[in-house]
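The exercises below ask you to work with aromatic rings in a protein model.

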Amino acid sequence: LPLLALSCLKSPNRDFFWTRREEEEERKRRRRRGSMTDVQDDADLTNVQKRARFENNSFSQQRLRTWRPNWRPMCIAQIFYLVAVIFIILGIVILQASNQVVSLSKRYDQICEGQSSCTISLDINDRMEAPIYFYYRLVNFYQNHRSYVQDFDIQQLRGEAQEVDSCTIDEAKTRNGLPVYPCGIIANSFFNDEYSATLIRNGNRTLLSGNNFDGSDIAWESDDDKFLNISNPDNLAEVSRIGTEGNTLPLPTSQEFRVWFRVAGFPRFSKLHRKINDMDFEPGDTLELEIQNNFRVSDFDGEKHVMLSTVTILGGENFFLGSVYVIVGSLCLIYAVLMTVKSCIPSWQRPAGRMKYFSWTGVGPTAG
């Protein structure tokens, strides 16, 4: 990096930088002109105007010593070489980490269509080491709509059950004369499918529960201060917890509700539902899921999926980010090579910083 900086600041052309002697002479000429002007104008200025004038020093008159880099082609090429190396290395690391992630998913809305409950199976083909994350995925569900995102009451989520003024949709605001708790479209569209998981290994069935199907730590810790239950439980009798579809609405402190409340930016998204902390899955295992099919997606041509995934130190699977880093780094490398070739061919070179290529018109520098 120091060599790179020196190569950018170094200038082989004397015309590009003023020498110190020329700079000092120019400062003296400016001071003489300023002093003569001051003498001529001081007689016509009042005391107030004199005090309002900027002092005649290097700082006030913007005569401090300055420098400017000489951006030669090789300097630009070295910067692009550096960016290319960093981006390509980062991209390869991210792609390698994504390759280590094991995931599988299955769509089940078509299997469970018209049924209140159904059972599906996920066949494990690769070893999955704990912790294993269990997600549900929705397709064609737009949580990023402006009206959807803003339809909640923050005071109600913090324990004031009667506060529904910020909610806008009447059906999700009051019911039978009682305030809906929690109100708003986000709460009333809460994903309420329920899952029960059983691991089948060598003919033995093991029901996943407790720490092996844990939902107590799936939300962000930063949401602890945002979502609070009603301080007086007796006040629950003064609110309605029935949603627009007749479903029971979750309490704001529910971990599943906190996850759902963090709205997704795209119509295809996955949300964490459970963690399998102490059990590894081996090839040949089968995960059997019994699903309570409560969330209807046929009204908006949506899809429902379940997904299992492991993670690495960089998170989950993300081939897109790694590919972008590699592509951008490769483009920088190509550009750096072109700049290097241009600097090595004499017929393509042009002396840098030669002011004779410019003429002053009183407005700005223009090509001569």
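**Exercise 1.** Decide whether Phe141 is buried or exposed, and then examine its pairing with Phe295.

*Solution.* Keep in mind that this is a predicted model. The relative accessibility of Phe141 is 11%, and because buried means under 20%, Phe141 counts as buried. Phe295, with a relative accessible area of 9%, is buried by that cut-off.

Next, consider the geometry: the count of aromatic pairs comes to 20, and one of them joins Phe141 and Phe295, with 6.0 Å centre to centre and 50° between the planes. Planes under 30 degrees apart count as stacked and those over 60 as edge-to-face, so at 50° this pair is tilted.

Finally, locate both residues: Phe141 lies in the loop between strand E3 (132–139) and helix H5 (146–150), while Phe295 lies in the loop between strand E9 (286–292) and strand E10 (303–309), so the pair ties together parts that are 154 residues apart in sequence.

**Exercise 2.** Describe the pair formed by Phe190 and Phe257, and say which parts of the chain it links.

*Solution.* The rings of Phe190 and Phe257 are 6.4 Å apart, centre to centre, with 50° between their planes, and the pair is tilted. Phe190 belongs to the loop between helix H7 (185–188) and strand E6 (194–201), whereas Phe257 is in helix H8 (residues 255–261), so that the pair links distant parts of the chain, 67 residues apart. Both Phe190 and Phe257 are buried.

**Exercise 3.** Which ring has the charged end of Arg262 over it?

*Solution.* It is the ring of Trp220, whose centre is 3.7 Å from the charged end of Arg262.

Note on methods:
Residues numbered from 1 in each chain as written. Predicted model: local features only at pLDDT ≥ 70, side-chain atom pairs only at ≥ 80, totals over all residues. Heavy atoms only, no water. Phe/Tyr/Trp six-rings, centres within 6.5 Å; stacked < 30°, edge-to-face > 60°. Helix = DSSP H or I, 4+ residues; strand = E, 2+ residues; numbered from the N terminus. Buried < 20%, exposed > 50% of the residue type's maximum accessible area, 1.4 Å probe, protein only. Lys NZ or Arg CZ within 6 Å of the ring centre and 35° of its normal.
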